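Subject: Handing over a structure

Hi there,

I am passing this structure on to you, with some notes on what turned up in it. Please have a look at it first and then read on.

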Amino acid sequence: MGAPVTPQDHKPSPLGYVPGLGHLLRGDWPNAIGLSVQLLILTWAAVAGFPRLGGLLFPEQGGSGLHPWIALLSWVGVVGLVGYTTWAGQQPPPPKDSVRSPTAELIKQFQRNRAGVFGLHIVSWMIVLALLTPLVAPFDPDALDVGGKSLPPQPGYWMGTDDFGRDLLSRSLYGARISLSIGFIAVGLSATLGALIGAVAGYFGGWVDRLSMWLVDLLLALPRLVLLLAIVGLFRSAGAQSLFLIVVILGLTGWMGVSRIVRAQVLTLKEQDFVQACRAMGIPDSRIILGHILPNAMAPVIVNASLAIGGTILTEASLSFLGLGVPPPTATWGSIINDGREFMRTAPWITIGPGLLIVLAVMSFNLLGDGLRDALDPKLRGRA
Amino acid sequence: MFTYTLKKLAMALPLLWGVITLIFFLIELSPGDATDRFFTPETPPEVRQAITEKWGLDKPAVTRYGIMMVNLLQGDFGRSISQERPVFDIVLDALPNTLVLSLLSLVVINLVGVVLGIIQAARQYSALDGGLSVLSLFFYSMPGFWLALVLQLVFGLWWPVLPTSGMIDPVMHDFMTPSQQTWDKLAHLVLPSIALGVSSAASVARYMRSSLLEVIRQDYIRTAKAKGLPEYVVVLKHALRNALLPIITILGMQLPFLVSGAVLVESIFAWPGMGRLIVQAIFSQDTPLIIACFFILTMLVVVGNLVADLLYAVVDPRIRFE
């Protein structure tokens, strides 16, 4: 027997936080299924993607621009992750009685919530697959007639093909990149904007507060989809239908909920002693807000953002479905459903497959958000 | 209560003004206008001039804004440029159709959601609770337009039992007896209202479950149980009323959500309501029609919130509007 491990001796390894790794190391298979499937997908992506790297990186063999480099970096990351996890599998598990930092405590809390961990697994698979799409997609998403038109799902064409004979699995994988990026970037934008506006309104009060909350009421009185429809629909001939502008418009119409939450938090925070102390020391308002108040109000913003990503993916799909999303031929989940609408009778799989992917993605983000909320805020535990 | 209602409505006026102004200048900033569809490249300039003048579009935007506001204050919505008839008539045709659909959805949403929530909370952590939780999350995460398409596929094509478009049977309706006509109308309502309401019902069920669970933990419920009252009396009579309060708050927020859904569901089911009208108005850049649609939408939201506030007082006698 060696010397007993004291809390000070042990430096917690970041691997302790990988959901499912502990189960995998202890051979607890039922609980390690999530991580094992993830590792299998990654290994498959690394093996299957390797031969394509050459073709992607050399423009004369087809492929140019930024995408190959993103794919190369992701590939290196995947190989590294598989290697690291395998290596870590041979290390002894961390002792149980080590002292946890607040972050570690948060992660521990989150791991207790099985539904949240499940959501995190699905979300991370989707992100990895989206990053690796050029390496793993069986076909070019825009290639016509890759094996027959309107083929039902079958081996080789797992989601079938559409009326132009384009492979729907490839299109859905490329669509996932667009839909997920729109979700993340638009929500990042609206959460930042909402947090800033809410903090300024709550901190300064007075007419700033009244004006910004009136604006919030005004924008909340309009259903978001209808407002988006008006903006994109009216300006479509002026080029509003680009990926960049869609993201910006989605971001600019989604900040109101966050700003209300942050404002309410700031109203209580600004009366507390540490803020009074900051003022007494003459710290400028901008630094008090950004450096002292906002970090304390971030928890609900993070929860709100992870829930909002799902909503934004739904909204983007609705816009694409109305023909007002990212312009064709770029595939997004909503636009594939829209394309399949005419062929509901003869080829319903065009519509059904991407719809199920949307449900899966939105559901995972909702589970992740619920789990994060439970972990971040003990008061809210158990609420819907 | 009456003065409270008046006060709330008066507070809505600046909101209405803000919405109308925002939308008006949004339309002004966008390229082209509603008369574009009258022109071809060969249209002589004097004809263009005459048409533009006929609709008053030759005046500067600020002047037209002023004229519009004065007309609106007198209750005049103007004439639609794309349909060439009074906007008021167009809206009056579409609004009842949307109201029938949304109100039916609203009733179904809240009944189904509340009942499911009660079942789940009463049997917390059972297999039934788990199954219903997964199911409601599944439907909550579902795009409404996709559900509409799948419903059309399943109930219109694979198992053709329900009509999938329009409000009445276009051929047979006139030859039906009055009772058959009523059935025909009801049958046409089924699929659109399901497509419109399912995700909201799922969210109501989630709120109801957690709200009831919170109430059930309180002392007065333990007292009621200790008295030996049967469980259904405790849950339905003692706990339910308090647990309904948060549901009423979200009731007011459901209306804008329903209208968003209606835009998609109405176009899929060819339902001649406000949702389809807004899409048409926006695509034809018909300023008076767009303004009227947004006016109605904002009013719906304001009234929805007001009704929720007043219902609050009915359920919770502690609340008084002074």
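Let me begin with a question: over the ring of which residue does the charged end of Arg206(B) sit? That residue is Tyr140(B), and the charged end is 4.8 Å from the centre of its ring. A charge sits over a ring here if NZ of Lys or CZ of Arg is within 6 Å of the ring centre and within 35 degrees of the ring normal.

A word on the basis: this is a predicted model, in which local features need pLDDT of at least 70 and side-chain atom pairs count only at pLDDT 80 or more, while totals for chains, interfaces and linings use all residues; side-chain values use heavy atoms, leaving out hydrogens and water. Residues are numbered from 1 along each chain as its sequence is written, with chains lettered from A and ligands numbered from 1 in the order in which they are written.

Chain B as a whole

Chain B has 11 helices and zero strands (DSSP runs: H or I of at least four residues for helices, E of at least two for strands, numbered from the N terminus). Its C-alpha atoms fill a box of roughly 85 × 55 × 35 Å along the principal axes. Of its 322 residues, 46% are buried (under 20% relative accessible area; exposed is over 50% and partly exposed in between, with a 1.4 Å probe and protein chains only). Among contacts in chain B with a separation of 6 or more, 74% join residues 24 or more positions apart, a contact being heavy atoms within 4.5 Å.

Aromatic rings

Over all chains there are 11 aromatic pairs. Rings of Phe, Tyr and Trp (its six-membered ring) pair if their centres lie within 6.5 Å; planes under 30 degrees apart are stacked, over 60 edge-to-face and the rest tilted. Phe25(B) and Tyr65(B) have ring centres 5.1 Å apart and planes at 45 degrees, so this pair is tilted. Phe25(B) lies in helix α1 (residues 2-29) and Tyr65(B) in helix α3 (residues 61-73) of chain B, so the pair ties together parts 40 residues apart in sequence. Phe25(B) is partly exposed at 31% relative accessible area, whereas Tyr65(B) is buried at 15%. Together with Phe24(B), they form one aromatic cluster.

A loop in chain A

Ala143(A) is in the loop between α5 (114-136) and α6 (168-204) of chain A, and is partly exposed at 24% relative accessibility. Leaving aside neighbours within four places in sequence, Ala143(A) contacts Gly165(A) and Arg166(A).

Best wishes
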